There are 2 protein chains.
Amino acid sequence: MKQEAKTAAGAPATLWDRTRQLASQEILATALRLFTEQGYDETTIAQIAREAGVSQRTLFRYFGTKEDLLGGDQDRFGQVLTDAVGEQPADVGVWEALRAGIAAVQVLHDSREQALERFRLLHNTASLRAGWLEKRLRFQEDLLPLVEARMGTAGGGADPRGRAVLATAFACLDAASMTWVANDGKGDIMDLYDECLAAVRG
Amino acid sequence: MKQEAKTAAGAPATLWDRTRQLASQEILATALRLFTEQGYDETTIAQIAREAGVSQRTLFRYFGTKEDLLGGDQDRFGQVLTDAVGEQPADVGVWEALRAGIAAVQVLHDSREQALERFRLLHNTASLRAGWLEKRLRFQEDLLPLVEARMGTAGGGADPRGRAVLATAFACLDAASMTWVANDGKGDIMDLYDECLAAVRG
DNA sequence: GACAGTCTGGCAGCGACTGCCAACCATGCT
DNA sequence: AGCATGGTTGGCAGTCGCTGCCAGACTGTC
């Protein structure tokens, strides 16, 4: 259940945890390979489990959902995002604070290639896109109180402005990443994000 | 299944078509009732089919997807939207044109109550939210060329600004409708939308 | 009344996902 | 070393959304 994934270097904890982590990596690698090879929808859980050498039941214990096999740690995304935004000084504006959060998330990507590969899958697969948008919406919900506090709007559901600012920031991130993928990973996502915001806010 | 052997009154279309339409309405009404009564995820296709008096197979022939039982004509939404935007005079700005399109869609709702009921289900059910966002993304893709033409940006994937403006407009609509639902349908969605845009671009 | 074209329901099956249960095995205690 | 413990695993059955297939019932036409 809960795992201190602090196995950065050495300190291999118990043998169990090491085995767990190994299996987890194996499953993740197999899934990503098959997804890029033959597409997300065309890859079945049974196939991933077979090629990774585990049972379907175990696979579902590691990753509760087929989607989780791609995103890996989307939950950590949300964590890093809200943390980064929350840690911004109080005198920083909303837009700047959100920018800082988004920038913090970008650092989490392992490599440009892997990020590009994942984004490409995400943008080209309807079911994945849907799931991702849904998760992103939950991040927005988590961020909402922070944003409203920074804007001075009382929120409580009556004032739409906090939600609007938040949704716009993510919308720009969306546009930026889609353009980034369309350009085969050329340029920097944050630059594109800035360009998007500038286009929107004049 | 059973049918009124008489139906003497009026015969505008063939009996087939009439039966079909009747069954369709019956299914739709049953589905909406069960969804609001016990929730979307807790309602099975088998239950809807049983209470509507048709087989599952037939139900799936009428509505290809469980989601289709709620939205009904989401496709028409997109149609009206793109038509309205496209029909705006050439000298109208992007933001204004998009606003006109969104306003055109609002007219399609049957009644305030029904719209509120549907929106409530939509915003409270994760799977539905995901599907809706996905479909909305497709609308954005349809709208993109129109927006880029109006902005003078030669899209082709290289320029993110068209996508950014588009996504922002929808983001504001999202924030507006969520606030509308949170306030139990009080006020006008378009007013909230304007407020959102002002907060973003102000 | 016979024929053709639809529509329907039932059945089997796929894929994602879950609950249950028996077998397993690293770990800790004696 | 021996043994109990508790987390881990895999298989089996089952649910739910959804599809292909096939036989039978129905409507409309000649």
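Let's start with the fold of chain A. From the N terminus on, the elements of chain A run α-α-α-α-α-α-α-α-α-α. That gives 10 helices and 0 strands in chain A. Keep in mind that this is a predicted model. As for extent, the C-alpha atoms of chain A fill a box of roughly 55 × 40 × 30 Å along the principal axes.

One helix pair before we go inside. Take α5(A) and α8(A). Their axes come within 10 Å and cross at roughly 15°. Angles under 35 degrees count as roughly parallel, so α5(A) is roughly parallel to α8(A). The crossing of α5(A) past α8(A) is right-handed.

Now the empty space. Rolling a probe the size of a water molecule over the atoms shows where such space is left. How many cavities of 30 Å³ or more does the structure hold? The count is 6. I'll take two of them.

First, the largest cavity. Its volume is about 360 Å³. Its lining has 20 residues. Which of them lie nearest the centre of the largest cavity? They are A:Phe77, A:His109, A:Phe119, A:Leu122 and A:Trp132. Look at the helices around this space. In chain A, α4 (68–71), α5 (74–86) and α6 (94–106) each supply at least two lining residues. So do α7 (112–124), α8 (126–151) and α9 (161–182) of chain A. Our helix pair, α5 and α8 of chain A, is therefore among the contributors to the lining of the largest cavity. By class, the lining of the largest cavity has 11 nonpolar, 6 polar and 3 charged residues.

Next, the second largest cavity. The volume here is about 250 Å³. Again, 20 residues line the second largest cavity. Where do they come from? Nearest the centre are A:Arg136, A:Asp174, B:Arg136, B:Gln140 and B:Ala167. Those names carry both chain letters, A and B. Which helix gives the largest share? That is α8(B), with 6 residues. By class, the lining of the second largest cavity divides into 12 nonpolar, 2 polar and 6 charged residues.

Domain 1 (15–69) and domain 2 (73–201) of chain B each provide at least three residues of the lining of the second largest pocket. By class, that lining has 19 nonpolar, 11 polar and 8 charged residues.

That's the tour. Thanks.

Definitions and conventions:
Residues numbered from 1 in each chain as written. Chains lettered and ligands numbered in written order. Predicted model: local features only at pLDDT ≥ 70, side-chain atom pairs only at ≥ 80, totals over all residues. Heavy atoms only, no water. 1 Å grid on protein atoms, 1.4 Å probe; cavity = no way out; pocket = protein on both sides within 12 Å on 5 of 7 lines; lining within 4 Å. Points joined across faces, edges and corners; volume = space filled by probe spheres on them. Helix = DSSP H or I, 4+ residues; strand = E, 2+ residues; numbered from the N terminus. Nonpolar A, V, L, I, M, F, W, Y, C, P; charged D, E, K, R; others polar. Domains from an automatic or database assignment. Axes fitted to C-alpha atoms, helices over the stretch in contact; angles between N-to-C directions. Parallel < 35°, antiparallel > 145°, perpendicular 65-115°, else oblique. Left-handed = near helix turned anticlockwise from the far one by under 90°.
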